[in-house]
Amino acid sequence: VAILARYLQAVHGLEKIAIIDWDVHHGNGTQHTFESDPSVMYVSTHQYPFYPGTGAASETGEGRGKGSTLNCPMSVGATDTHYEAAFNDRILPALDRFAPQAVLISAGFDAHADDPLGGIQLSTSMYSWMTLRLLEIADKHAQGRIISGLEGGYNLSRIGECVAAHLHELSARPSSTRRVGALT
């Protein structure tokens, strides 16, 4: 996703890219790639503390990129309600202020309640809900440009179910301007 963000900037001339990472692990590599760059907003929901040990709420970017990183660390046991509050109170307002020209999703499905690795308790329907909210941001600010890259998930039944729900939302209500893409 980090390479894709740079590609969209270099080849397609997009100036502002948002990366939203919903994985049980913090995307430390993506954050570190862009933490000094105000042209890329990195948003992460993740179990904290958990491997790799990064992603505290106080990590908001560095130098010129201060404020372009938004970490929403979640405690073990966090549910749909916690994620919905993070989106409504912090993530969506920040994305509205940033007004990205493309929305990229680092879509990890290992925060599902039935995933054996982490301790987050999301339902399959929460992934649909988050997808819909990001589609709204893409339609509002990015001429519908949204691309999703598959990240993780360790319960093969649930990851298939979650990916299907996510892809259903990405393709169910295409607007006249939406350009939907998925990476695997």
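Colleague: Happy to dig in! Is Cys-162 buried or exposed, and at what relative accessibility?
Modeller: This is a predicted model, so the value is computed from predicted coordinates. Buried means under 20% relative accessible area. Cys-162 counts as buried, because its relative accessibility is 0%.

Colleague: And what about Cys-72, buried or exposed?
Modeller: The cut-off for buried is under 20% relative accessible area. Cys-72 has a relative accessibility of 3%, so it counts as buried.

Colleague: How many disulfides does the structure hold?
Modeller: A disulfide is a covalent bond between the sulfur atoms of two cysteines. The sulfur of Cys-72 has its closest cysteine sulfur in Cys-162, 20 Å away, which is too far for a bond. Cys-162 is likewise in no disulfide, with the sulfur of Cys-72 as its nearest. The number of disulfides is 0.

Colleague: Good to know. Let's turn to charges: how many salt bridges does a search of the whole structure find?
Modeller: Side chains of opposite charge can pair when their charged atoms come close. Here the pairs include Arg-6 with Asp-37, and Arg-133 with Glu-136. Searching the whole structure gives a total of 5.

Colleague: Which parts of the chain does the salt bridge between Arg-6 and Asp-37 link, and how many residues apart are they?
Modeller: The closest N and O atoms of Arg-6 and Asp-37 are 2.7 Å apart. Arg-6 lies in helix α1 (residues 2-12), while Asp-37 is in the loop between α2 (28-34) and β2 (40-47). The pair therefore links distant parts of the chain, and the separation is 31 residues.

Colleague: Which residue of that pair is buried?
Modeller: Arg-6 has a relative accessibility of 35%, so it counts as partly exposed. With a relative accessible area of 14%, the buried residue is Asp-37.

Colleague: In which loop is Pro-38, and which residues does Pro-38 contact?
Modeller: Pro-38 is placed in the loop between α2 and β2. At 33% relative accessibility, Pro-38 counts as partly exposed. Setting aside neighbours within four places in sequence, its contacts are Arg-64, Gly-65, Ser-68 and Phe-98.

Colleague: Now helix α4: how many of its residues are buried?
Modeller: Helix α4 covers residues 124-141 and has 18 residues. From first C-alpha to last it reaches 27 Å, close to the 26 Å expected. The helix is largely enclosed by the rest of the structure, because the number of its residues that are buried is 13.

Colleague: Last one: which residues do salt bridges that share partners join into one network?
Modeller: Glu-161 and Arg-158 meet in a salt bridge of 2.9 Å, N to O. Being 3 residues apart in helix α5 (residues 156-172), they are separated by about one helical turn. Shared partners join one network, and its members are Asp-114, Arg-158 and Glu-161.

Note on methods. Residues are numbered from 1 along each chain as its sequence is written. This is a predicted model: local features need pLDDT of at least 70, side-chain atom pairs count only at pLDDT 80 or more; totals for chains, interfaces and linings use all residues. Side-chain values use heavy atoms; hydrogens and water are left out. Helices (H or I, at least four residues) and strands (E, at least two) are DSSP runs, numbered from the N terminus. The expected span of a helix is 1.5 Å times one less than its number of residues. Buried means under 20% relative accessible area, exposed over 50%, partly exposed in between (1.4 Å probe, protein chains only). A salt bridge is a side-chain nitrogen of Lys or Arg within 4 Å of a carboxyl oxygen of Asp or Glu. Contact means heavy atoms within 4.5 Å. A disulfide is a pair of cysteine sulfur atoms within 2.5 Å.
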